[in-house]
Amino acid sequence: MSEKVENQELEQQTNEQAEVVEEVALDENEQKIAELEAKLAEQEDRYLRLRADYDNMVRRNKLDREAAEKFRAQSLLTDLIPVLDNLDRALQVEVTSEEATSLYTGVEMVYRQFIDATAKEGLEVIASEGEPFDPNFHQAVMQEQDSEKESGIVLRELQKGYKLKDRVLRPAMVSVNE
């Protein structure tokens with residue numbers, strides 16, 4: 001009988017050891033699963049961040065291309081503004097002789113064509129006289145006093161201002177009412 005009891009005890013110890021080994025194996029497997037799940041979550045997070053970075057880069061490039069297209073003529077138009085100023089000054093000269101009148105008419109035609117061509121590219125004259133002073137579009141170089149008009153109203157335009165679509169190329173130089 002003692003052999004039977006010993007066998008039972010031995011079998012019971014073996015079963016307990018097997019259960020302990022099985023529990024240790026389960027714990028190791030659960031630990032490996034947890035590690036793998038953590039790595040998967042980390043990789044998914046990394047993928048989502050890279051995808052978001054890529055989408056942002058594509059969006060920025062698209063906006064940059066659109067801005068470049070929208071303002072492609074900015075450099076040329078900025079260089080042509082002094083030419084417009086000179087043509088405008090030439091048209092302010094009083095003409096008395098017939099020869100001067102025909103020359104004046106020619107300059108006026110060139111000026112009109114020039115204005116039309118630059119307008120097609122988006123160049124606009126900034127409205128000034130009689131408008132409220134706006135530091136985004138006007139550069140105040142003088143102050144005058146006119147009791148008939150409100151304070152802060154542009155009285156005179158000393159030099160035209162220009163903008164390309166919604167970007168100011170040159171602010172208008174103005175005289176503002178005190």
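**Close-up views of a predicted model**

View 1. The model is predicted: local features need pLDDT of at least 70 and side-chain atom pairs count only at pLDDT 80 or more, while totals for chains, interfaces and linings use all residues. Residues are numbered from 1 along each chain as its sequence is written, and side-chain values use heavy atoms, with hydrogens and water left out. Helices (H or I, at least four residues) and strands (E, at least two) are DSSP runs numbered from the N terminus.

**View 2. The axes of α2 (residues 74–91) and α3 (residues 98–120) come within 10 Å and cross at roughly 150°.** This crossing makes α2 roughly antiparallel to α3 (angles over 145 degrees; under 35 counts as roughly parallel, 65 to 115 as roughly perpendicular and the rest as oblique). Axes are lines fitted to C-alpha atoms, for helices over the stretch in contact, and angles run from 0 to 180 degrees between N-to-C directions. From α2, the contact (heavy atoms within 4.5 Å) involves Leu77, Leu80, Val83, Leu84, Leu87, Asp88, Ala90 and Leu91. On the α3 side stand Tyr104, Val107, Glu108, Val110, Tyr111, Phe114, Ile115 and Thr118. The contact residues comprise 13 nonpolar, 1 polar and 2 charged (nonpolar: Ala, Val, Leu, Ile, Met, Phe, Trp, Tyr, Cys and Pro; charged: Asp, Glu, Lys and Arg; polar: the others, Gly among them).

**View 3. Three strands form an open antiparallel sheet in the order β1-β4-β5.** Strands β1 (123–125) and β5 (167–170) stand at the edges with a single partner strand each, so one side of each is left without a neighbour in the sheet. From one strand to the next, the twist averages 35°. Strand β1 runs antiparallel to β4 (residues 162–164) and is joined to β4 by 3 bridges; strands pair if DSSP finds at least two bridges between them. Tyr162 in β4 is the bridge partner of Val125. Helix α2 packs on this sheet, touching β1, β4 and β5, and its direction makes about 45° with that of β5.

**View 4. Strand β6 (residues 172–177) is largely enclosed by the rest of the structure, because 5 of its 6 residues are buried.** Buried means under 20% relative accessible area, exposed over 50% and partly exposed in between (1.4 Å probe, protein chains only). Strand β2 (residues 138–144) runs parallel to β6, joined by 6 bridges, whereas β3 (residues 154–159) pairs with β6 in the antiparallel sense over 4 bridges. Val176 of β6 is the bridge partner of Gln143 and also of Val154.
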